[in-house]
Each structure stands twice: as C-alpha cells, then as structure tokens.
Amino acid sequence: MTGREVPDEYLEGYVQLLTEVCATGRRLTRDELESLRTRGERAAEAGFGLRAVVHRHLAVARDHWPVLSAAAGDRALAAVEQALDAFAEGHERAQLLAARQDKAVRREFIDDLLYGRSDLGRLSERAERFGLLLSRAHAVAVAQGRKPVEETDSAARQVESAVVARFGERRILLTTKDGRLICIAPGDQDDVLDFFAKQASTATEGCQVAIGRPHPGAGGVVHSYEEALNALDLAHRLQIREPVLRAVDLLVYPVLTRDRQAMADLVGNTLGPLLSARGGAQPLIETLTAYFDSGCVAAEAARRLNLSVRALTYRLERIHKITGADPGDPVHRYTLQTAVIGARLLGWPDEEV
C-alpha cells in the first residue's frame, strides 16, 4: 500500500498553516500539532508508509516554496520540520499500537492453539494468518534451557532469524511459552525441527529439546506439544542428558506408568527391602541405574560411579542378598530394571509410593 499516492485529505490546511506560520513567525500551536499527529495516525491506519507521506508533504512544500520562503526562508524550514515531526509522531504512534495489537492477537492465538481451548474450525481460520495449515499434520519441538526465554529475548530472536533465513518459504511458527522456545512445523519436515534444535542449543548455551510426534489437525498440535513437554519431564526424572529427545523413542515410559498403583507395588515389593540397608536405598538405586545404563558392563558402571570394579561387584552382591533378586540373572534383571525405572519416575525413595 505504500506505493499509492497519498490523498489530499491528509494534507488539508497544510499549505495555509505553513503560509501563516511563515508570515507571523509563530510556532505551531498545541492544537495544530495534535491535528497533524491525528492525520499521521489516520495515514498509518490507512496503510500509507511514513516515507510516502513525508515525501508528499515535502513535495507540496517544494511546490509552494517561493511563497513560503518570501517571508523568511529559515522560518519556512522550521515550520516544515515542526509539521513533519508531529505528523511522523502520530504515524509512529499508530504503528506502535498496531504492533502491540498484533502481538496480543498472536499471543492469544498461540495460547488457544497450544491449550486446544478454542473452536477448532475458528482456530484453523486464524492459523492461516500465522502461516499454518491445520488441515495438515504438525509436529512441535520444545526447547528448555537453564533460564527462561521470552519472545523479546535475544536468544529467541537469534533462533527465529536463523530458522526464517533457512526456511523462510515454509509454513513454520516460532514462539515462546512458559519460558521455553517452541517451533511448530509440518509433520513431514524433520529438517526444520532438527535445525531448530541446533539453533536453540547454540542460542541458549545447551538447552534440551524435545520433539513430539506428528499429529493431524488443530488438536494434533496440542497432542504433539504435550508429548514434547512430557518427554522433557521424563528426561528430568530419569536424568536423561541427551540434547535432543524424541517422543517416539520414549513411548515405553508412559506405558510403564499408565497403571501407577501397579508400578508402585512393583517398586515397593522389589526395592523396598533396600531401605533397611546401611546408608539407605539411594546409593544402591544409583548403582543399579549405572549398571543397567551401561549395558550391565561392570567396568563401565564402576567408571560412571567412580568406584573400583570390586566395590561395584560388592554392591551388586548386597542388592542380591537384601532383595533376593540377582542383577546378573536375566529374569531378575528385567524385574529389577523395570523397578528402578519406576522408582525414578515416581521419585522413590524420596517420595512414598
């Protein structure tokens, strides 16, 4: 719209005002300045760019310059400068208000989208304004760092600039929510989410990124977002340090905890006897965790715990003696490992089960 000619209505009384000011030497009054600001706002709301309206005002002043400068050239320049400053102030005021309104609308849409609390048909219509086609499947990536990230932070701007520069033509939405960076992309574009994960890690100095599975429709965005959040929560509970988590790789954990009472019974019956051990259950739980995480290789588990292999073996023997379950036996091992995972998910033994 900035290429259109600015209509005369936005310059009504402009020449007469300049002529009077030049003739009398007075400055523009408060009412005159406010009138110019109001016209600037109207021009901005009508879609005319600041450069276009300034150019039109200067062109009109130039056309009448012989008359204006006849009284006093310096006063004419001062009057033009004062008038343009007021007009530009009004224009910028309208632009700032529009930007704030757009930001509020965008934030409302994002909240509705990620919480799934709006009419899905209406949500799909609003989504097109922000570049999303909710008729397609989408996947959501969530980056969580040590410090919260807001939309105006440099880290968020850095990630957005990098992603837009690389995939500007794609239908992608980048935002923040609850201090986390979020990227919503078509479900068949893993390269976008992988690139987002790398950029987010760089911008936040080592965040963890979780990627939900692709799901169709507006409800699919919510589903994928919740999967990503659950993956981050699981990583925290299980102390998984991987920089990128994929919900599809963690599906076994929700299955294990679907029947919480059954898992609590398994943990209590299998690992409960360790509470009577000298030093408590926690050191022995950590021993089993390291042993299973290292593929049941004693030397590697000992290295992770900063123990000698002999000390690790002694701990495993104590666990066998106290619980009756042998970590070296394949049948017992599965029960112990499942119980250890359940303990980490339930926060046992710090929390009662």
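Biologist: Is R107 buried, partly exposed or exposed?
Modeller: R107 is partly exposed, at a relative accessible area of 23%. The classes are buried under 20% relative accessible area, exposed over 50% and partly exposed in between, with a 1.4 Å probe and protein chains only. Keep in mind that this is a predicted model, where local features need pLDDT of at least 70, side-chain atom pairs count only at pLDDT 80 or more, and totals for chains, interfaces and linings use all residues. Residues are numbered from 1 along each chain as its sequence is written, and side-chain values use heavy atoms, leaving out hydrogens and water.
Biologist: Which side chain meets R107 in a salt bridge?
Modeller: D111, at 3.7 Å, N to O. A salt bridge here is a side-chain nitrogen of Lys or Arg within 4 Å of a carboxyl oxygen of Asp or Glu. D111 itself is buried, at 14% relative accessibility.
Biologist: Why are D111 and R107 separated by about one helical turn?
Modeller: Because they sit four residues apart in helix α5, residues 73-115. Helices are DSSP runs of H or I with at least four residues, numbered from the N terminus.
Biologist: New topic: what about E300 and R303?
Modeller: Their side chains form a salt bridge at 2.6 Å, N to O. They are three residues apart in helix α13 (residues 298-305), so about one helical turn separates them. E300 is partly exposed at 23%, while R303 is exposed at 54%.
Biologist: And which residues are joined into one network?
Modeller: R106, R107, D111, E151 and K177, through salt bridges that share partners.
Biologist: How many salt bridges does the structure hold?
Modeller: 17.

Key:
Helix = DSSP H or I, 4+ residues; strand = E, 2+ residues; numbered from the N terminus.
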